[in-house]
Structure formats: structure tokens, C-alpha cells
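Please look at the sequence and the model first, then read on.

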Amino acid sequence: MTRLPVADRAVVRRAARDLLARDRRAVAIVLVLHGAAAIAGLAAPWLLGRIVDEVAAGGGAAAVDRLALAIGVCVLAQGLLSRYAQYAGHRFGERAVARLREDFVSRTLDLPVSLVERAGTGELATRSSVDVTTVGTTVRDVVPVIVIATTQLSLLYGAIFLLHPLLGLVALTGLPSIFAVTRWYLRRARPAYLAEGAATAELTEALTTTAEGARTVEALRLGADRIAHGTQRIGQVWATRRATLALRSVFFPVVEASYALPIAAVLLIGGFVMPRGMVTLGEVVAAALYLQQAIDPLDRLLQWTEQAQRGLASFARVLGVGQEPDNGSRPDTVASAAHGIPEPRGTVSTAEERLVVRGARFSYADGPDVLHGIELEVHPGERLAIVGPSGAGKSTLARLLAGIDAPREGVVSLGGRPVTDLPPAERRRRIALVTQEHHVFIGSLRDNLAFAASGASDDQMRSALAAVGADWYTDLPDGLDTQLGDGARELSAADAQQLALARLVLADPHTLILDEATAALDPTTARRTERALAAVVSGRTVIAIAHRLNTAHDADRVAVLEDGRLTELGSHDDLVNADGAYAALWRSWHG
Ligand SMILES: Nc1ncnc2c1ncn2[C@@H]1O[C@H](COP(=O)(O)OP(=O)(O)OP(=O)(O)O)[C@@H](O)[C@H]1O
């Protein structure tokens, strides 16, 4: 199974910087507010130290009251500033997460179909649910915590140094062990969490495949097999989770011990070792309080470092969607639901529409070749039917012609350029592959048609439906506003296929590849749809994979494919007269 790419650190860093840069003002406000709140927070321990010194020096209650009042004001100011800082931080976080989701959706929609097929739906489902949510939590909750904690820590340690540089140095004693264990942890965490994410995706894939194919599993008694398959995936998830848990079980205990060490050291050295006069009791108390205060941000910082690691691993997986896969699979076009805005006809010259196949060989994965050196030239505007026995390679050739797969050897070119080199949007505008697979999206009939041409008017949509003979449309209670899909009006397979064809009329590509597009329709509806389609497709290049030989009869030329080889090519009459494979097929089909 092909894995979707995972972005490297440089890409993740750039994307994180972009995320911050796109909302610079909000980021600056959040930083300033958190900084101010942290400074207000420093005042309390210092003022407490002053109270200790006042009392030690025999100061009166009035002085203590004044200092206590000042502490109250500072605590209030810190509370208010923190509240607004968090509010601003969450607003920024929500905006950033919304942008991330939008970017993710548009990258996902641009993914090559062949890549999604090879990667499996579980991989994409995990990235779009688990990973996007993890990144969202990280941006919304983790980044503000890290910003606040870092600011507080810098100011707290700075304040201890201001009290006395020696106390400052003593306060730093816990940091080397925290730093060392964090480095140790971070080095191992990324691959460990990536492995955990990949194992979870494989488990999701295994479970969804089993659930989707439940009937087949039951019919072929594959239950035990599927259970073994699922259990193996669960084992992988268990092993990868154990590995991340092992990392955490070293990391957190070392950190806890490192918190206590500097507080004890400051009290011991400040209270017993440093000579009197060098430091006051109040300063030692203030330093210990600062260190005590530092535990909370340190703890949050380290706890969230773990979450940040998960977030970065998920971010890399989210950003990887849309990157060029590293296994040589090429970008391709979207199949039946041809997206794209109609382009004015006639803007592409006929030479640019010439579809040429030269010496094309193709194999699925590492299997044997299923196409052997296909040579074919499709003339602009012609209707070509491809016929042949089951398994001859017709659908495979259609995928090559549409640019979904690239030939292993040879070339498939449109207007002289390899089809797979065309930018996806351009390819969709020029070539559309319509298969038997079609999807009715949950939404109105209008929404379902607008996928093909977002700018199409209601009239254009109605005429597209009429053109493909979708008479059922006139019976819908709310016309184009009728809700379709699960829980609303369900379309029959034939109606759904007509909807797909109507999308195609709206998408208006120059070249249509119909891979048994009308196979799901009953013979009468199919004949009617084919006729309607024939009227609509005039002036376009149409390549039809034909099960029913009347499609071949109506075509300009017929290509016969047998065992992955093009054995005959010519008009219906010529091939019947030649009395070869096509003539035999025609005779047997005609009865
Ligand atoms: N995804 C795939 N992975 C591996 N082999 C495949 C795949 N799809 C098709 N094949 C194999 O490639 C060969 C050609 O299949 P293809 O579907 O192109 O034939 P076809 O002429 O369209 O058949 P049919 O009329 O039954 O649809 C067959 O041997 C088939 O088993």
C-alpha cells in the first residue's frame, strides 16, 4: 500500500511560520498581553519578600498593609491581563485552525485519484480526522500555553538573578537534567508518534474495509481471516503505543525530580552557606517563591511539549497530503464527477486536442504487464469505441488516456504533452473520465450539479439534466432544491448515473472517456441516455468503452483490445467485413 507523503521538518517550520505571519497583529497582541501578565505576576513574591524584611527589621503594621494592598492590586492586574491574553489567543487559534482545515480540504480535493486509491481511505480518513483535530488542539491550546509558560519562565529566572546573581545560578541547577531528558525524549518522540499514527491509520483501514465488505466477508466466510488481519493491526497499534508510553515513563519522573532540586538548593545555600549581609532573608524567600512559581509553567511547558510533538507529527502528516508522493506515482485527474468550470468552446485548437498513445505498457504495482505496447491516435472530434473481452485491459487503457495512471513505458500525450504532466485543473477541463462509480453527495440537486461548474445557472443545470434524459428531475418536489443523499431522497443507480452525466455536460470537457458509463442503466434507459449523450457530445472527442456493441456500431472507429494488445482498429463496417475478432463479437452479440 502506498503511504501518503509526510512533510519534513523544514516544510512544517515554514508552514508554522506562515500560520503566525498570516495573523501577525493578533500574535503581537497575545504576546504583549501575556508578557504584561507575567510581569504583574512577578511582583507578588518580591513584595512578600519585602514584607519578610519589614517584619525582620521591626516594621509596623501600616507598612505591611501597604505592601499587602500592592500584592492584591498586582494579582488583580495579572488576572485581568491573563484573561484578555487567553481570549485573544483562542481567537487567533480558532482562525488558524479554520485556515488549516480549509487548506487541508482544498489539498485533499486536488489529490490524484490513483494516489488515494493506492493509499486507501483509512489513511486519508485518519489524516482528515485524528490528525487535523490534533493539529487544531495544538494550535488552539498548546501554542498559547507554550508562549505564556516561556514568557513567565524567562521573567521568573530573570527576577531571581536580579535578587542575587548567585541565587540565580543556584536556581538553574535543575535545568540541565530537564534539558538533557527533553532532548533525549524529543529525538525519539517524532518517529515514535509517526509510527503510532501510521499504525492507527492501518487499523482504521482494516476495520473500514471489513465493515464495508461485510456481505462479501460473510458470503465467502472470510470472518476468521479478517479477524486475524484486524488483530495483527491492533497488535501494531499496541506496540507503537507501548513505545511512546515507554518514552513518557522515563521523561516525566526525571523532570519531577529536577523541580525539587533547585528549591532545596536555594534555601540551603541562601540560608546557610551565603554569609549574612550578602543576601537578606526576604530575598531568599522571594527566590524560593519564584522557583515554586516556576514549577507550574515548567510543568505545563513540558507536558505540552509532548502534545506539541504529537501536534508536529500530525502537522507533518496533514501537510504531507498534497505533496508529491515519493514513490513515483504521478498526479492525475478526477474521475466521474468532473469538476471544472466550463471553458468557452473553440479556445483549444484541434492539434491541442489530439490524444496519442505511443508504445504504452502498463502493470499494476509489481504485477505483469496488462497493456503491451499500445499504439493509438484519437482524432479530435471522433467517436472511438473500445471493445474486447473482460480483463482485456479496456478500463486500464481508459485510466491511461485520462491521465490517472502513467504508462510504465511509452507515452500518452494530449496536444504533444504527456497527459500526466498537465496541471490537474487543466486536465480536468480537457479530459473527463466517466466510470460506473458515481457519488451522490448529501445536499441539494443544485449542489450536486455545481461540483461540475460552480458558475452554472439554474437554466443551464436544467438543460444539462434534460440533455441526459433525466426525466425524474421534473417529478422532484422542490426542483433543484430537492435534498439528495443519505436520509433524504435516494437516487436509483440509473438516476445517479444520469446525474453524473449531467455534471459532465456542465463541466464541458473537450474529450470524454466513458468507461461503461451507461452499464448500470436498463437497456431502454441506457439507449435513451446514450442517444441524449450523443447529441450533447457532438464536436467533442468521445472514447467509449463499450459492453453493448450498438455503441461500437454508432462510433466512427472501433478499437479491439485482446489480452492487453490492440488487435483491430477501423470502422464498424470495415471490421465486420474483415471478419476478425470484432466480426465474431458482433455476430455473437447480434444473436
Ligand atoms: N487495480 C488493479 N490491480 C491489479 N490488477 C488489476 C487492477 N485492475 C485491473 N487489473 C488487471 O488488469 C487486467 C485488465 O483489467 P481491466 O479492468 O483493464 O480490463 P477490462 O477489459 O476493462 O475488463 P472488464 O470488461 O471486465 O472491466 C486484468 O487482468 C485485471 O485483473
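## Annotated segments and overall make-up

The UniProt annotation "transmembrane region", from an unreviewed entry, covers residues 26–47, 67–85, 142–160, 166–186 and 250–274. UniProt positions follow the numbering used here, feature names are shortened, and annotations may be inferred rather than shown by experiment. Residues are numbered from 1 along each chain as its sequence is written. The model is predicted: local features need pLDDT of at least 70, side-chain atom pairs count only at pLDDT 80 or more, and totals for chains, interfaces and linings use all residues.

Two of the annotated segments can be compared with the model.

| Segment | Helix | Strand | End C-alpha atoms apart |
|---|---|---|---|
| Residues 26–47 | 100% helix | 0% strand | 33 Å |
| Residues 67–85 | 100% helix | 0% strand | 27 Å |

The protein has 20 helices and 12 strands. Helices (H or I, at least four residues) and strands (E, at least two) are DSSP runs, numbered from the N terminus. Of its 591 residues, 38% are buried. A residue is buried if 20 or more other C-beta atoms lie within 10 Å of its own, exposed if 12 or fewer, and partly exposed in between; C-beta atoms are placed from the backbone. Among contacts with a separation of 6 or more, 80% join residues 24 or more positions apart. Two residues are in contact if their C-beta atoms, placed from the backbone, lie within 7 Å.

## Confidence

The mean pLDDT of the protein is 82, and 92% of its residues reach 70 or more. pLDDT is the predictor's confidence in each residue, from 0 to 100. Confidence is lowest in helix H17 (residues 523–536), with a mean of 66, and highest in strand S11 (residues 557–562), at 93. Over residues 326–348 the pLDDT is below 50, yet this stretch has 75 contacts in the model beyond near neighbours in sequence. Where pLDDT is low, the predicted coordinates should not be read in detail. For the complex, the predictor gives an ipTM of 0.96 and a pTM of 0.59.

## An open sheet

Four strands form an open sheet in the order S2-S1-S4-S5, with antiparallel pairing. Strands S2 (369–378) and S5 (417–418) stand at the edges with a single partner strand each, so one side of each has no neighbour in the sheet. Two strands pair if DSSP finds at least two bridges between them.

S1 and S2 pair in the antiparallel sense over 6 bridges. Val357 stands opposite Leu376 in S2. The two strands S1 and S2 form a hairpin with 5 residues between them, and Ala365 in the turn has a positive phi of about 50°.

Strand S1 (residues 355–363) also pairs with strand S4 (residues 409–414), in the antiparallel sense and over 5 bridges. Arg358 stands opposite Val411 in S4. Val356 has Ser413 as its bridge partner in S4.

## Around the ligand

Which residues are around the ligand? They are Tyr364, Gly367, Val370, Gly388, Ser390, Gly391, Ala392, Gly393, Lys394, Ser395 and Thr396. A residue is near a molecule or strand if its C-beta atom, placed from the backbone, lies within 6 Å of it. Helix H12 (residues 394–401) gives the most to this shell, with 3 residues. The shell divides into 3 nonpolar, 7 polar and 1 charged. Ala, Val, Leu, Ile, Met, Phe, Trp, Tyr, Cys and Pro count as nonpolar, Asp, Glu, Lys and Arg as charged, and the others, Gly among them, as polar.

## Individual residues

Most residues other than glycine have a negative phi. Asp508 has a positive phi of about 55° although it is not a glycine. Asp508 sits in the loop between helix H16 (493–507) and strand S9 (511–515). It counts as buried, with 23 C-beta neighbours inside 10 Å.

Asp579 also has a positive phi, of about 60°, and is not a glycine. Its loop runs between helix H19 (572–578) and helix H20 (581–590). Asp579 is exposed, with 10 other C-beta atoms within 10 Å.

Leu491 is in the loop between strand S8 (483–484) and H16. Leu491 is partly exposed, with 18 C-beta neighbours inside 10 Å. Not counting residues up to four places away in sequence, Leu491 touches Val440, Leu484, Ala496 and Leu499.
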